[in-house]
Amino acid sequence: MGQDRCCGVGTCVLLVPDVFDQCDEDGIVVLLDAQPPAELYSFVQQAVSACPAAAVVVTE
C-alpha cells in the first residue's frame with residue numbers, strides 16, 4: 001500500500017472498512033488487516049480498482 005500516494009478520498013474505507021481506515025489528522029489510509037479473509041478478496045479488488053491515486057495494491 002502506498003500511503004505516500006494516498007490522497008485521502010476514502011473509497012477503500014467505504015468498500016472494506018474491516019481492512020482499511022483513515023487517519024483522523026490527514027485522511028491518509030491506514031491498513032487494518034494485511035491478510036484479510038478470502039471472503040473479502042473481491043471487495044479489496046474493488047478498492048484497488050477504485051483508488052484514484054493507485055495507492056492500494058494487492059500482492060500475493
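The lining of the largest cavity divides into 11 nonpolar residues, 5 polar ones and no charged ones; here Ala, Val, Leu, Ile, Met, Phe, Trp, Tyr, Cys and Pro count as nonpolar, Asp, Glu, Lys and Arg as charged, and the others, Gly among them, as polar. The model is a predicted one, with local features needing pLDDT of at least 70 and side-chain atom pairs pLDDT 80 or more, while totals for chains, interfaces and linings use all residues. Residues are numbered from 1 along each chain as its sequence is written, and side-chain values use heavy atoms, with hydrogens and water left out.

Of the 16 residues lining that cavity, Cys-6, Val-9, Gly-10, Cys-12 and Cys-51 lie nearest its centre. The space inside comes to about 100 Å³, a volume being what is filled by probe spheres set on grid points joined across faces, edges and corners. On a 1 Å grid over the protein atoms alone, a cavity is a set of points where a 1.4 Å probe fits but cannot get out, whereas a pocket is an open set with protein on both sides within 12 Å along at least five of seven lines; lining residues have an atom within 4 Å of a point.

Ala-34, Pro-36, Val-44, Val-57 and Val-58 are the closest to its centre among 16 lining residues. Its lining has 13 nonpolar, 1 polar and 2 charged residues.

Val-44 also turns up beside Val-16, which, neighbours within four places in sequence aside, is in contact (heavy atoms within 4.5 Å) with Leu-40, Phe-43, Val-44 and Ala-47.
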